[in-house]
Amino acid sequence: MEVSGIEEEEARAEVDIWNYVFGYAKIAVVKCAIELGIANVIENYGSPMPLSELATALRCEPSRLYRIMRFMVHDRIFKQEPINQHTVGFSSTPLSRRLIKDGENSMAPFILLESSPTWLAPWHSLSARATIEGCPEVFDGVESLVDVGGGNGTTLSLLVKAFPWIRGINFDLPHVVAVAPKSGSIENVGGDMFMSIPNADAAFLMWILHDWDDEECIKILKKCREAIPEDKGKVIIVEAALEEDKEDDELGFVGLMLDMAMMAHTDKGKERTLKEWSYVLRQSGFTRFTVNPICAVQSVIEGYP
Ligand SMILES: C[S@@+](CC[C@H](N)C(=O)[O-])C[C@H]1O[C@@H](n2cnc3c(N)ncnc32)[C@H](O)[C@@H]1O
Ligand SMILES: O=c1cc(-c2ccc(O)cc2)oc2c(O)c(O)ccc12
């Protein structure tokens, strides 16, 4: 390697290593921004918002708030725009809108979950919208659908609303469904997916199998296979499908980060490669499967008996 190449690599390493040292600062700042409601206040203001007004609205000490805002402007979370010759104001960006509490594309529950693992919020339905918009054909001809590990039924209620011909069964542990909201179009059933799963045309599993190791996944998938008809049945799995040897794939790297999160948050959970999906599905008695990409880290995997 030429001398300039080595120098360039050294200089890059010097920056990269500090990014690792202070990597926590980004999530800490973003968590703080969500808790204060900064993105909500700036979005509602409607035009570039001066620091003084932002500080008043948030009841924050202005010089500290300025430092937090400076960090976020540098990281392109907010924009800084001139209001007049003397004053600048802060404006929203597509990134800041993802920090709006209860916003349409809000990622706030995830950020709070990852920064405080015990914080379990309604982060359930985030991939549901991407599935509905990206893969509606998956639900064609599905008359009944059991959401295995469906939690409080939020995801299933979105699916049933989007595809009203579906009769939905929300299946989860008894103590979970006991407090799930009651709805006319969805039946809540309590049970253990390792023992038995209610019958339906299709079994839907979103963010379930990544909580378990291969052996446990195969047990769950075998129970899904028993629950669906041999001829027209299928499993619909919404999970990451990691692709190995794909360089410079930014969304792929998010999959690897998610894999780290699963290592931290679960006992034996993991994100799976296509090869690993093929293994668990075939071992569970599914003869073929398709992988449909959607606008998310996850894909929609359909497995057929
Ligand atoms: C990560 S959450 C996923 C929730 C839901 N699928 C969603 O996308 O929002 C995992 C769910 O699996 C449920 N679960 C765990 N073990 C289970 C079991 N043995 N039988 C049925 N559900 C189970 C949990 O109660 C929890 O609601
Ligand atoms: O910490 C997590 C994160 C997820 C997660 C993150 C991003 C996605 O697009 C989907 C899922 O899922 C988790 C999960 O299922 C769990 O049981 C514990 C922790 C997490």
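Here is a short chat about a predicted model of a protein chain with its ligands.

Reader: What does the C-alpha trace span along its principal axes?
Author: About 70 × 60 × 30 Å.

Reader: And what share of the residues is buried?
Author: Of 305 residues, 43% are buried. The accessible surface comes to about 17300 Å². Carbon and sulfur atoms account for 55% of that surface.

Reader: Which domains does the assignment give?
Author: Domain 1 covers 2-115 and domain 2 covers 121-304. Their C-alpha centres are 34 Å apart.

Reader: Now the ligand. Where does ligand 2 lie relative to the domains?
Author: Between them, because domain 1 and domain 2 both give residues to the shell around ligand 2.

Reader: Which residues come nearest to ligand 2?
Author: Glu114, His210, Asp211, His265 and Gln298, out of 11 residues around ligand 2.

Reader: How much of ligand 2 does the protein bury?
Author: The protein buries 85% of the 430 Å² that ligand 2 exposes when taken alone.

Reader: Which elements give two or more residues to that shell?
Author: Helix α7 (108-115) and helix α12 (250-265).

Reader: How do the shell residues divide by type?
Author: Six are nonpolar, three are polar and two are charged.

Reader: Switching topic. Asn170: buried or exposed?
Author: Buried, because its relative accessibility is 0%. Asn170 sits in strand β5, residues 167-172.

Reader: What does the Asn170 side chain pair with?
Author: The side chain of Asn188, through a polar contact of 3.0 Å. A polar atom of the Asn170 side chain also lies 3.1 Å from the backbone oxygen of Gly151.

Reader: Which other residues does Asn170 touch?
Author: Leaving out residues up to four places away in sequence, Asn170 touches several, including Asp147, Gly150, Leu156, Val177, Ala180, Ile186 and Val189.

Reader: Next, α13. Which residues of α13 are buried?
Author: Trp277, Ser278, Val280 and Leu281 are buried in that helix, residues 274-283.

Reader: What do they pack against?
Author: Helix α11 (214-227) and several strands: β8 (234-239), β9 (241-242), β10 (272-273), β11 (288-293) and β12 (299-304).

Reader: What follows α13?
Author: Gly285 follows, with a positive phi near 95°.

Reader: Why do you call Trp207 buried?
Author: Because its relative accessible area is 10%, and buried means under 20%.

Reader: Last one. What share of the contacts join residues at least 24 apart?
Author: In the protein chain, 60% of the contacts between residues at least 6 apart in sequence.

Technical notes: Residues are numbered from 1 along each chain as its sequence is written. Chains are lettered from A and ligands numbered from 1 in the order in which they are written. This is a predicted model: local features need pLDDT of at least 70, side-chain atom pairs count only at pLDDT 80 or more; totals for chains, interfaces and linings use all residues. Side-chain values use heavy atoms; hydrogens and water are left out. A residue is near a molecule or strand if one of its heavy atoms lies within 4 Å of it. Accessible areas come from the Shrake-Rupley method with a 1.4 Å probe; for residues, only the protein chains shown count as cover. Helices (H or I, at least four residues) and strands (E, at least two) are DSSP runs, numbered from the N terminus. Ala, Val, Leu, Ile, Met, Phe, Trp, Tyr, Cys and Pro count as nonpolar, Asp, Glu, Lys and Arg as charged, and the others, Gly among them, as polar. Domain bounds come from an automatic or database domain assignment. Buried means under 20% relative accessible area, exposed over 50%, partly exposed in between (1.4 Å probe, protein chains only). A polar contact is a pair of N or O atoms within 3.5 Å; within protein, one must be able to donate a hydrogen and the other to accept it, and residues adjacent in sequence count only if both atoms are side-chain atoms. Contact means heavy atoms within 4.5 Å.
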